[in-house]
Structure formats: structure tokens, C-alpha cells
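My notes follow, in the order I took them.

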Amino acid sequence: MFRARAPWWLLVLLLLGGCRCGDDSGLGGANASFRPQETVVDFGRVLEGTQVRRSLTLVATGRSGVEVAAVTESPFFVVVSQIVVPGSGTGTVDILFSAGSTPVAGALVLTAGRTTATVKLTGVGVRPLACLPQGECRESRFDLDSGQCIESPLADGASCIPGSRCQENGRCQAGVCVGQPRTCNDDNPCTVDSCSPTQGCVTASVQCPVPRDPCKVGVCDRNEGCKQVDAANFTPCGAVSCKEAQVCFSGTCRSVTPPDGFVCAPATPCQGEGTCSAGECMRPDAGDLVALFSAELGGEPVAEDGGPVLLVDDGTVYASVCGGDAGCRLAAYTENGLLRFESPYEDGGARTLLAASDAGVVVLAPEALEAYAPRGTGALRWRTSLGFSDASPDGGVSEGVPGTGAGRVALTVEGDVLTSVTWSGDAPDAGTVGEPLRSRLVLLSADGGAPLALGPEEDGGGAARLAVDDTRGAYLYTPWDGRLAFASWETASVDAGSGLDGGPGLTSFGPSALADGGLSALVLEPLDAGVSGGAPSLALASGQLLVGARAFVDTDGGVPVALDWDGGLRTLSPLAEPVLVTPGGSVGHAFARACERTDGTSCPGEELRTVMRSFSFDDGHALYDVDVLPSPVLPGTLYEAALMEFGTVSVLADAELPGGQRQAWLEWISSGRKVGMCALPGRGQVAGAVFAGEVVHVALERDGVWRLESYAVGQRAETRGWPQRHAGPSGTRRTVP
């Protein structure tokens with residue numbers, strides 16, 4: 001059989017046409033693909049909120065170029081999503097990691113034609129610590145690798161912020177920030193310029209002395225200084241009734257017969273003003289006060305006997321409260337009754353309020369003073385031991401428990417804490433009387449509680465009273481020996497090596513602190529005028545002191561002017577406080593228990609009254625008496641009194657109703673008579689109150705719940721002189737000139 005064979009050249013063509021040695025026949029055997037050089041890209045630890053870039057190399061696996069698409073998801077991002085890799089070469093894909101605060105993982109997907117590769121992406125977002133330097137002239141930074149704060153000193157000459165706002169342009173010197181004194185003088189003789197370490201320059205208007213003539217007023221002129229001008233016509237200058245009224249005309253006090261329609265009694269928050277009609281003062285009926293706010297305290301307010309239950313400073317109302325789930329704590333409210341913070345006391349024990357300023361809220365703890373921040377969360381700023389007796393130069397250590405309290409703590413205009421501390425030699429476990437009482441005056445810094453100055457150890461101790469005059473110094477009255485003394489000091493910085501850092505830990509000091517220096521001496525100069533037999537009280541205005549509720553004393557010297565407490569047809573027993581002194585220092589108001597019995601027999605409680613007696617500074621004679629209890633027949637209690645503008649005295653007192661319930665009243669006394677009364681709503685037990693601005697804040701228990709309530713007073717509380725029990729609503733025991 002014959003078979004035909006195909007030509008040889010046809011076989012060659014068939015073989016060549018069926019052979020594919022690559023994806024692209026035009027390249028004669030080239031491979032157009034890629035591979036990533038790494039399978040994992042690790043960004044490591046990255047600060048939160050920052051971005052880090054990493055690069056990944058792509059390698060071509062053939063001689064042909066290839067275009068690779070790169071895709072990923074947040075928090076990873078591709079800078080350029082299309083990457084061209086040349087044949088037999090490499091290309092780069094850039095990836096960003098936007099760090100959060102946690103470890104994350106993701107994937108980078110690479111695609112070219114039918115080839116896909118996946119690369120794992122990892123990174124750890126790190127939230128940095130808030131690194132604050134522990135001292136001046138140091139810097140603190142967060143170390144990413146260790147996750148810790150690293151602190152290092154600043155070089156000498158580096159700029160810094162001084163700890164006191166009374167210094168500026170700070171420069172580091174040997175690890176201490178040294179600044180230049182800030183100048184606060186505004187060249188205005190009608191302003192009082194000073195510097196607060198926490199606020200900086202503080203300016204207040206000059207309060208000119210109040211003339212003794214009620215038809216004159218003191219004003220400050222930039223060129224002439226303080227001078228007297230005529231009071232406005234029809235200004236009351238004495239008693240006002242619809243029969244006769246003492247009013248000013250052209251600077252002279254005159255008696256006039258008021259016409260019908262003449263205002264004979266001012267309006268109160270619960271009653272309209274009274275007007276004369278046919279010789280009688282006619283007033284509309286009074287209603288109950290309406291609370292501006294009422295907020296639950298969440299516990300019972302705690303106060304020392306005679307100390308403040310509430311304090312008010314810079315628009316904040318403070319109370320020390322125990323009870324409820326939170327234990328004992330410092331509570332702060334806005335003047336509208338909104339809770340600002342509750343700051344628990346560290347050991348859960350009770351504290352009592354002493355004073356408040358922009359530098360802190362000072363409270364009495366067991367054997368220590370504490371200061372809490374007035375803003376934020378109310379954190380503890382410092383705690384300082386009262387064991388100042390341990391600092392005697394001879395190294396002696398007293399075994400008695402030191403103490404201070406209400407009236408024995410005052411604040412300077414800078415917020416420094418002046419305190420009179422008493423201790424005894426009683427051994428805690430001996431049960432026998434050891435050394436007699438001892439006392440010492442101490443000045444503590446506002447910002448750290450570190451001791452700045454010490455007075456000498458003195459014999460005697462117990463309840464005493466301090467009063468600070470912004471323009472002169474401080475006065476100390478010690479009733480046990482009748483001494484009245486003036487205290488002055490020069491503030492000194494505390495030696496850095498003395499350990500008196502005033503930090504949150506317990507601060508105390510011993511003989512070494514005195515030996516090292518760093519503390520100033522508090523000099524006590526007894527005034528020639530002493531007041532024996534007085535109660536623990538002291539008030540101050542315009543250079544006039546009301547001492548022990550017994551005598552007026554001029555701070556420039558002179559014989560004390562005794563107050564006339566002769567009860568006449570009744571027995572008067574003066575109360576220690578409140579005592580009030582008008583801004584000009586011409587009139588003082590004090591309170592006493594009164595009993596109609598004069599035969600020497602004791603007065604039962606239901607017969608006791610409480611009266612306010614007003615005295616003239618000229619000779620101490622009594623101007624007038626006013627019964628301050630709301631009911632003329634029911635027993636009651638006086639809680640607080642305050643001097644208002646234009647000489648009115650506001651009183652918060654209550655009456656004990658039949659059945660044991662109590663009703664509180666707000667009263668106004670002017671020129672020797674009670675001109676208005678307003679009842680607080682409901683029945684309740686008052687713990688204490690404070691007048692501030694045109695309101696009175698009251699802590700009281702009603703229906704088993706302790707509340708903070710606020711009521712309008714209708715007049716503004718006086719800020720000069722000694723207008724309240726503690727001079728002002730903040731309890732600072734400081735008089736403003």
C-alpha cells in the first residue's frame with residue numbers, strides 16, 4: 001500500500017505554532033508576574049495620633065513589566081495604589097499606619113492580572129502618659145520604648161514659669177526657677193494693688209473711711225484722694241417713722257414730718273415696702289420666702305462648735321458633709337445649687353471648715369490642717385501636721401495632742417494660713433495632767449502648706465481669736481490672760497533641704513528646720529490695752545477692734561473703751577459671737593442672752609431671750625437693744641447675723657413651736673428696730689447659714705433630709721469692716737480696708 005508523506009517543512013510549522021513558552025509571544029519567553037519581598041510589615045510602637053510610613057519592595061518574576069494594584073483598610077493606608085514594576089526589576093509600595101491607642105492588624109492585598117499576594121500588616125498604637133515634671137526647672141517626656149516618663153533637669157538660664165504668679169521672666173538657676181518681682185502698681189491712688197501667688201496682680205477699689213456723720217459719704221478722687229461729700233438728699237440718718245423721720249438735706253441731718261406716701265419701711269423679699277398714711281406706717285401682708293434653689297446635701301453637714309457650717313468664695317458654696325454612701329467629704333455647689341464636686345477625705349473621717357480662698361479650702365483634720373483645691377475635682381492640695389511644738393530650738397518634744405480651730409485660723413491677702421496652735425504635756429496613755437497648756441502662732445504657705453514663719457512658744461492656750469488687717473498685719477486675742485497682741489512677719493522661702501515640701505503627704509518639721517534657716521520669726525508685740533475677762537471674740541474695722549465682746553480698742557493705742565452691758569431691769573450675759581463692726585469702726589453690734597429676772601435666780605430656758613445691743617465707739621454706751629428672736633413669747637435660737645449695706649443688720653433665727661417643731665425666720669434690724677421679717681417655708685432644723693451678696697445660704701434638715709437652700713435677702717451684704725461672724729462669707733477672718 002502506498003502512503004503519501006507530508007513535506008518536512010509543514011511538520012516544522014505545525015510544531016512551532018503549537019508551542020507557548022510564555023504569556024506574551026512577542027517577548028520570546030518572558031514572564032510578566034511579581035512577588036512581595038516580605039510577607040509581614042511591622043510598624044512597631046507608634047504614638048497615638050501620629051502616622052508612620054513603611055515601604056514594601058515588589059520583585060518582578062519575569063523580564064516583562066507589570067502593574068500591581070495595592071489595597072488595604074484603615075488604620076493602614078496606601079500612598080499610591082498603582083505600582084509599576086519593571087521587568088526583572090523592583091518596585092516600592094508605601095504604606096501609612098495612623099496609630100490609635102491599641103494593637104491592630106490588617107492586610108495589604110496586591111493584584112496583577114491573575115496573580116494575587118497578601119502581606120500582613122501589624123502595629124501597636126500607644127497612648128502617651130501625661131508627663132508632668134515633679135519640680136521647677138525640670139522637663140518630663142514620654143519614652144515610647146519603655147512606656148514611662150523620663151525626667152531631666154533644665155540647663156541654667158533656660159526659661160521657666162515661676163511657681164508664684166508674683167514673679168515673671170523666670171530663668172533656671174541651680175534647678176530653681178528664679179523670676180523677677182511682678183510690678184502691680186497701676187499708679188491710681190484710688191485702687192489698692194497687691195499680688196496673689198495664685199492670681200497675680202489683684203486690684204480693688206480704695207474703700208474710703210466711713211464718716212461718723214451719717215449725712216456724709218467717703219469717696220476717692222484720683223487727684224485729691226479720699227474726701228467727704230454730702231450724702232444724697234432724703235438718705236435716712238436716724239430713726240424713721242411716720243411721726244418723725246431723720247433724713248439728710250444738703251449734708252445735714254434734719255427732722256421732718258413725713259407726708260403721706262413717704263417710704264417708712266423698705267420692701268423685703270416677702271413683703272412690699274411700707275408707706276405713711278395718716279401718720280401710720282402701712283405695709284402689705286407678708287408671705288413666706290421662696291427658695292431660689294433647694295438641693296440635697298447627701299448627708300449631714302459637719303461643723304466645729306462656733307465654726308462655719310457653710311463657706312462661700314468666688315461663686316462657690318462649700319460644706320463638709322458626712323453620711324450616705326460617700327462617707328465624709330468636701331462638697332462644693334454653685335450659687336445656683338448645682339453640685340460642682342464631692343471630694344472624699346482620704347481616711348473617711350470628718351473634717352470641719354475653717355476658711356476658703358482662691359488658694360484652697362482649709363479644713364481641720366485630726367492633728368492637721370488640710371487644703372483642698374477650690375476647682376476641678378477638689379483634690380487634696382496639702383496636709384500639714386499641727387505638731388509645731390516639736391520645732392522648739394532645744395529639741396524638746398511635747399507629748400500633748402496639738403489643736404486649733406474656728407477663730408484661730410485666718411488667711412492673709414495672699415492666701416497664706418495664719419493659725420494659733422495649742423497643746424499640752426498630757427501623755428496620751430498616762431491619764432494624768434502633765435505640763436500646762438502651751439501655744440504658738442504659725443504662718444503656712446498658701447500653695448503648699450509649708451511653714452513660713454513661727455512665733456515663740458508661750459504659756460497658756462485654748463480658744464483664741466485672730467483678725468487680719470490687709471494693710472497692717474494681724475491681731476491675736478488670748479482670753480485666758482486678756483492679752484491683745486500685734487503680729488508681723490517677713491515671709492521666707494523654705495530651705496530646699498528641710499523636707500518641708502508641702503506636698504500631698506503629711507508635712508511636719510523639727511528642730512533641724514529651725515537650725516537650717518528657711519523660716520522667719522513671727523514677732524508678737526503686746527498692745528498696751530489688754531481686755532481681761534472677755535469672751536473668745538475679736539472684730540476689726542478701720543483701725544478699731546471690738547475685743548472679747550467687752551471693749552473697743554484703737555489699734556493706734558489708747559485706753560480700752562468698755563462696753564456698757566448694764567442690763568438695768570434685766571440680766572444680760574454677752575455671747576462670744578457674732579460681733580459686728582461697721583466699716584467706719586464707729587458702731588459695734590454684739591449679742592447677749594437676756595433674762596428679766598434680776599433677783600439672782602437662774603432663768604429657765606423658756607424665759608431666755610436673745611438681744612442685739614449696739615454700742616458707740618466714742619464711749620461704749622449702748623445705743624439700743626433689739627430682741628432678735630422671731631416670736632416675743634416662744635423660745636428660739638440665733639444662728640447667724642450679718643451687717644448689710646446702709647447699716648441694716650440681717651439675722652437668721654428660729655422659734656420653737658409647740659410640739660417641738662421649729663420655724664426659721666429672716667429678719668432685718670435698722671436704727672434700733674426690727675423693720676421686717678420673712679419666714680422660711682416649712683418646718684426644719686437649721687444647722688448654719690452664711691450671707692453672701694444679696695442671698696443667704698442655709699443648711700437645714702427638713703423631713704429627715706439635709707438640704708442646702710438659698711433665699712434672697714433684698715440687700716447686699718457689707719464687704720468692709722467685720723460684717724459677719726468670720727468677717728466675711730469665706731471665713732478668712734480678714735477685714736478689707
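Predicted model: local features only at pLDDT ≥ 70, side-chain atom pairs only at ≥ 80, totals over all residues.

**Entry 1: positive phi.** I looked up A549 and found a positive phi of about 55°, although A549 is not a glycine. Where does A549 sit? A549 is in the loop between β47 (544-547) and β48 (551-554). Next I asked myself: is A549 buried or exposed? Its relative accessibility is 1%, so A549 counts as buried; the cut-off for buried is under 20%.

**Entry 2: another positive phi.** E367 is not a glycine either, and I read a positive phi of about 60° for it. I placed E367 in the loop between β32 (360-365) and β33 (368-372). E367 has 44% relative accessibility, so I put it down as partly exposed. That label covers values between the 20% and 50% cut-offs.

**Entry 3: cis peptide bonds.** I turned to the peptide bonds next. S74 and P75 are joined by a cis one, with omega about 10°. I found P75 in the loop between β4 (66-71) and β5 (76-78).

Then I went to E577 and P578. What is the peptide bond from E577 to P578, cis or trans? I noted it as cis, with omega near 5°. Which strand holds P578? P578 lies in β50, which covers residues 571-581.

Terms used. Residues numbered from 1 in each chain as written. Heavy atoms only, no water. Helix = DSSP H or I, 4+ residues; strand = E, 2+ residues; numbered from the N terminus. Buried < 20%, exposed > 50% of the residue type's maximum accessible area, 1.4 Å probe, protein only.
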